[in-house]
Each structure stands twice: as structure tokens, then as C-alpha cells.
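Subject: Structure handover

Hello,

Here is the structure I promised to pass on. Please open it alongside this message.

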Amino acid sequence: MTTLHPRLRAVLDDVPAYVPGRPPEALDGLVPYKLASNENPFPPLPSVVDVVARAAASANRYPDMLSTELVAAVARHDGVPPEHVVAGPGSVGVLSQVLTAVASAGDEVVHAWRSFEAYPIVVRLTGAEPVPVPLLPDGRHDLPAMAAAVTERTRLVLVCSPNNPTGPVVTSEELEAFLDAVPRDVLVVLDEAYREFVRPEAGAPDAVALHLERPNLVVLRTFSKAYGLAGLRVGYGLAHPVVADALRKTAIPFGVSTLAQAAAVASLEAEDELLERVRSIVAERERVAAALAEQGWEVPSTEANFVWMPVGERAGELAEACSAVGLSVRAFAGDGVRVSIAEPEAGDRFLEVAASFPRV
């Protein structure tokens with residue numbers, strides 16, 4: 001008997017499923033730590049939890065589809081007109097809206113590699129072709145090479161700063177030169193998911209100012225990382241009105257829940273308190289990075305809430321060594337291991353693993 005299956009899109013044959021960071025295994029006598037997903041180790045502020053609890057009372061109603069209160073709060077916070085702000089289910093959700101608006105079969109999307117693992121997945125789902133451009137040896141974007149990769153088929157260029165999973169930022173000078181080189185009808189998306197962890201001396205651009213000057217620049221931001229709302233899925237994009245209107249058309253109806261909208265607004269109001277936590281994470285990142293350097297590891301200069309171990313083909317071995325002591329980290333086969341910054345105890349345990357891991 002012949003079994004017939006529903007016909008699926010052929011493009012799915014070339015699209016891998018996104019692989020989330022796995023939780024750590026529980027081991028006797030050891031507190032497990034998840035260092036695989038770049039999550040904030042701090043829970044939401046009590047004031048934010050209270051707001052979410054109150055918002056839950058209206059969970060029988062659909063959320064505000066336009067996220068009106070959140071859009072207004074972001075506009076005030078970032079100093080942009082409200083019509084430039086588009087909320088979505090995390091910054092990757094907004095990115096999907098962008099790609100749906102600009103890319104289709106036969107088009108190309110340029111991005112650095114290795115960069116955020118979801119990029120080639122969401123690009124292929126539109127039918128477009130991802131065009132990966134290798135990173136420089138120090139884990140930074142090669143923006144001149146990315147500009148050279150733009151063709152008549154290019155509809156979008158993705159720039160991740162700080163880059164996930166390696167950590168370096170694109171500097172203001174680098175980005176402005178790149179934007180000057182890219183045709184005005186090609187959209188450039190600057191993904192700033194980790195921007196709150198960037199030190200002033202790193203030379204990162206003022207993305208909002210650049211966005212206001214350049215109609216082809218979209219800026220993505222999220223409440224998942226520094227604001228500690230990863231479980232609620234809320235982020236936003238800054239886009240000029242013509243693009244922003246297109247993103248509203250490609251949005252999933254009611255994609256940002258009432259709880260997520262309320263939590264994001266409350267988090268912006270409590271930003272000073274939240275940024276104190278960010279500073280403690282940055283300090284721990286600097287401690288871990290300095291200790292790795294003392295051990296002899298050459299790791300990229302990171303401005304995010306993680307460090308990158310460029311161990312190449314031994315990525316799986318390092319991940320297993322971490323797993324053996326109750327740590328889950330994110331291994332990228334053939335390239336390296338990304339280790340999220342969390343509690344100091346987790347950092348100490350990871351440094352012990354790194355110190356004993358043979359360098360060849």
C-alpha cells in the first residue's frame with residue numbers, strides 16, 4: 001500500500017531546524033548552570049513581576065495588536081517618532097517580518113558567518129538565498145567583503161553587533177563606511193540584541209542617530225537579554241515609515257502578548273535598576289575573559305554577555321567537558337563554543353574546565 005504524504009514546500013529540504021541551547025544535566029553534588037542560551041541570570045524585577053501578574057487577569061482578551069503603549073514608551077526612550085517603532089515577538093520575530101517584506105525566491109541576503117544561527121534559516125524560509133561572508137580571524141565582521149558581496153539580487157544585508165556568537169562590535173566608523181558603500185535600495189538590518197552590554201570605549205555606533213539619517217537602515221532590539229524577559233518574547237525594530245508600514249503588514253496578528261507588552265513597558269520604567277544588573281554581568285564577563293587570557297586562550301574581544309572559545313573541530317569535546325561538571329554550553333561544530341556569562345560560581349567552574357582543556 002502506497003503511503004501519500006502532504007506536499008510540503010521544497011525549500012524546507014534545505015532548512016535545518018533551529019537548535020536551542022540545551023539545559024544542563026543534573027549531577028550529584030553540583031549545582032547545574034545553563035550557559036548555552038545567553039539568558040540573563042537574574043529573574044525579572046519584582047516590580048515587573050507584579051505588572052505581569054496584573055496583566056494576566058485580562059488574558060481572556062486579545063492583546064493590543066499595535067502594542068500602542070509599548071511603542072510610545074520605546075519612542076520616548078529611543079528618541080524617535082512612534083511611527084518608526086514596530087514591536088514583535090522578539091527581535092528575531094521582527095527580523096522575520098522584515099524578510100517577509102523584502103525577500104522572496106531569487107533574491108539574496110548577505111550576512112556574516114559565523115553569526116546568529118537563525119539568519120540562514122529565516123532567510124531560506126522566504127525562498128531567498130543566504131550569502132554568508134566569513135568573519136575576520138578575530139571574530140569581527142568583514143564589512144568591506146560584505147559590501148563586495150552585494151549584487152543586483154541583494155535585498156537585505158544583516159549586521160549583528162555585538163556579533164553572536166563571537167562577541168565583537170562593529171564600530172561607528174566601520175558601519176558608516178559600509179552604509180556609504182551599500183546601494184540605497186538595499187535594506188541594512190543592524191541587529192543590536194546585546195547592545196546594553198557594550199562598553200562606551202568599544203566605539204559602537206549611535207544606531208538611532210544613524211537610523212534617522214538613513215532610510216535604508218533598520219535597527220533591531222530586544223527585551224530578552226539585558227531586560228531578562230526571554231520567556232515573554234518581545235522586541236522591536238526601528239524603521240522609517242515606508243518600511244515600518246510594511247512590517248506591520250507582515251506581522252502575525254496579536255503576536256506580542258499583553259503580558260509581554262506590560263513587562264517591557266515596566267522594564268523601561270525600571271531601566272536604571274536593570275542596568276545595575278547589566279553592569280554586574282559585564283564585570284563578570286571581563287573577569288572571565290581576563291582569566292582565559294591568563295590561561296593562554298586567544299578569545300575575541302567580546303562586548304556581549306558571552307565569551308567565544310574558537311576551538312574549531314574540538315568544539316564537541318569542550319562542550320562534553322563542561323557537561324561532565326554540570327555546565328551546558330553552546331557548541332558550533334567545526335568552529336567553537338559560546339559560553340554565556342552567568343553566576344560567578346558558574347564562571348569559576350567553566351574556568352577550571354578551560355584551564356585543564358588541552359590546547360593543540
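First, the ground rules. This is a predicted model, where local features need pLDDT of at least 70 and side-chain atom pairs count only at pLDDT 80 or more, while totals for chains, interfaces and linings use all residues. Residues are numbered from 1 along each chain as its sequence is written, and side-chain values use heavy atoms, with hydrogens and water left out.

**The annotated domain**

UniProt, in an unreviewed entry, annotates residues 34-341 as "domain: Aminotransferase class I/classII large". UniProt positions follow the numbering used here, feature names are shortened, and such annotations may be inferred rather than shown by experiment. In the model this span is 39% helix and 18% strand. Its end C-alpha atoms lie 10 Å apart. Helices (H or I, at least four residues) and strands (E, at least two) are DSSP runs, numbered from the N terminus.

Two strands pair if DSSP finds at least two bridges between them. Angles run from 0 to 180 degrees between N-to-C directions, and axes are lines fitted to C-alpha atoms, for helices over the stretch in contact.

Strand 5 (residues 154-160) and strand 6 (residues 187-191) run parallel, joined by 5 bridges. Valine 159 has leucine 190 of strand 6 as its bridge partner. Contact means heavy atoms within 4.5 Å.

Strand 10 (residues 327-332) and strand 11 (residues 336-340) run antiparallel, with 3 bridges between them. Arginine 330 is the bridge partner of arginine 338 in strand 11.

**A helix pair**

The axes of helix 10 (residues 271-295) and helix 12 (residues 344-356) come within 10 Å and cross at roughly 15°. The two helices are therefore roughly parallel (angles under 35 degrees). Among the residues in contact are Val288 and Leu292 of helix 10, and Phe350 and Leu351 of helix 12.

**Backbone details**

Most residues other than glycine have a negative phi, and most peptide bonds are trans. Here are the exceptions to look at. Serine 161 and proline 162 are joined by a cis peptide bond, with omega about -5°. Asparagine 164 to proline 165 is also cis, with omega near 25°. Proline 162 is in the loop between strand 5 and helix 6 (172-181), and proline 165 is in the loop between strand 5 and helix 6 too. Serine 67 has a positive phi, near 50°. Serine 67 lies in the loop between helix 1 (46-55) and helix 2 (68-78).

Best wishes

Methods: Angles under 35 degrees count as roughly parallel, over 145 as roughly antiparallel, 65 to 115 as roughly perpendicular and the rest as oblique.
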